[in-house]
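Hi,

Here is the structure I promised to pass on. Have a look at it first, and then read on for what turned up.

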Amino acid sequence: MNKFTFEQNEKQEKVILVAVCLDDVRDVEESLDELEQLAETAGAQTVGRCIQNREAIHNSTYVGSGKMQEIKDMIWEQDADGIICDDELSPMQIRNLEEELDCKVMDRTLLILDIFASRARTREGKIQVELAQLKYFSTRLTGYGNSLSRLGGGIGTRGPGEKKLEMDRRLIRKRIGHLSKELKQVVKHREVQRQKRSKNHVPVVCIAGYTNAGKSTLLNLYTDAGVLEEDQLFATLDPTTRSVKLPCGQEILLTDTVGFIQKLPHHLVNAFQSTLEEAKYSDLILHVVDASNPQREKQMQTVYETFRQLKIQDKKIITVFNKMDKAEDTEFLKDVNADEVIDISAKKKIHTEELLQLIEDILMEGQIYVEHLVKYADAGVIQKIRRNGVLLKEEYRDNGIYVEAYVPLELTKLFGSETI
């Protein structure tokens, strides 16, 4: 058991969402809608909102003094336990807000870290989350110490890495060093797995996209992976890889990744680098988009920004507009950054077979047509063709097995220089 675990409080927390509007108030409202979903996912109840229009975020208190009194009154009227700010707060902002409002003060980053802590199941996921938490909290001990010890539970006080935060920076640095070494070993293991997949010449198709777009539903549809499906943000956290057979019989590996979100904490991006890089080393990316979400354009932009941050480029991309059965304007579903676009419903199984065919067509673009006589002593090559390519013809002759097939370029060396 992790020595930094913390006993949770059963009481549902009441929170007020706070944001500063620097430009378009509609963008802020939409961001707060998402923040409310995050709060609900973390187990909190949103009882109010407060938005302040400012030219810049207040350096010491996030919001101005006038809005501070309004928030204080709202906390008293709604009997709220705390506030959640829509931006990442500095230690000074946390401390000043806490002293002024006399309540728990949280920010968007803490909320996401908390959700990740509750969803991590594998060893790698738990290490990554704890590492991200400790790096976040290491600069905020003075800001969060009082509020956490006073409230004794709830959001931000669960999962690995935050037992009342009574560890000093020296202990945190020591723990970060230990976790970093553990994570390097896990990353090394992941790289070995990638190398094995590369040697086996099995194409890898990565499912990526905004959180709650339906990635897990799609994976379960094709693979019976049994991954949790919920209409919640970050319903699943740990990546899952399963094999799938395309219509032509070729075997591929389908792997999902953690969902993206606006303002994804850089601590998490860094900690989950090895997981997110599954897309970087894949042969094809399925970019899953919630077609029914009115904010899908912004969500797509967030995904591509994360791709750029991870230096994922020169990859074939199929944008999969999921939940088309709930969308009202499917004729406007476009993505100029994708190589192909298709609208489906993974839940209703609409156009899902067409998606498999599209995956096959794109992967076939990298296949080489060969005609070859395989010696009976090398008959194992036939199985490799079936697994990694498309076997069009197989004919047993006196001097060997005649095959016609499409195979990856890497497999052509198995046939030598002689072809028929």
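What should the 16 residues of helix α5 span at 1.5 Å a residue, and how far apart are its end C-alpha atoms? This is a predicted model, and in it α5 covers residues 123-138.

Four strands form an open sheet in the order β2-β1-β3-β4, and their pairing is parallel. At the edges are β2 (45-53) and β4 (104-107), each of which pairs on one side only. On average, neighbouring strands here are turned by 25° against each other, ignoring direction.

Within that sheet, β1 (residues 14-21) and β3 (residues 82-85) run parallel and are joined by four bridges. Val-18 stands opposite Cys-85 in β3. Helix α1 (residues 25-41) lies across β1, β2 and β3, and runs at about 155° to β1.

Finally, the nonpolar cores. The largest one has 66 residues, and Tyr-62, Ile-83, Leu-97 and Phe-307 have the most contacts inside it. Apart from this core lies another, of 24 residues, including Val-205, Tyr-222, Val-288 and Val-320. As for Phe-307, leaving aside residues up to four places away in sequence, Phe-307 touches Ala-208, Phe-260, Ile-285, Ile-312 and Ile-317.

How values were computed: Residues are numbered from 1 along each chain as its sequence is written. This is a predicted model: local features need pLDDT of at least 70, side-chain atom pairs count only at pLDDT 80 or more; totals for chains, interfaces and linings use all residues. Side-chain values use heavy atoms; hydrogens and water are left out. A nonpolar core is a set of buried Ala, Val, Leu, Ile, Met, Phe, Trp, Tyr and Cys residues joined through side-chain atoms within 4.5 Å. Buried means under 20% relative accessible area, exposed over 50%, partly exposed in between (1.4 Å probe, protein chains only). Contact means heavy atoms within 4.5 Å. Two strands pair if DSSP finds at least two bridges between them. Helices (H or I, at least four residues) and strands (E, at least two) are DSSP runs, numbered from the N terminus. Axes are lines fitted to C-alpha atoms, for helices over the stretch in contact, and angles run from 0 to 180 degrees between N-to-C directions. The expected span of a helix is 1.5 Å times one less than its number of residues.
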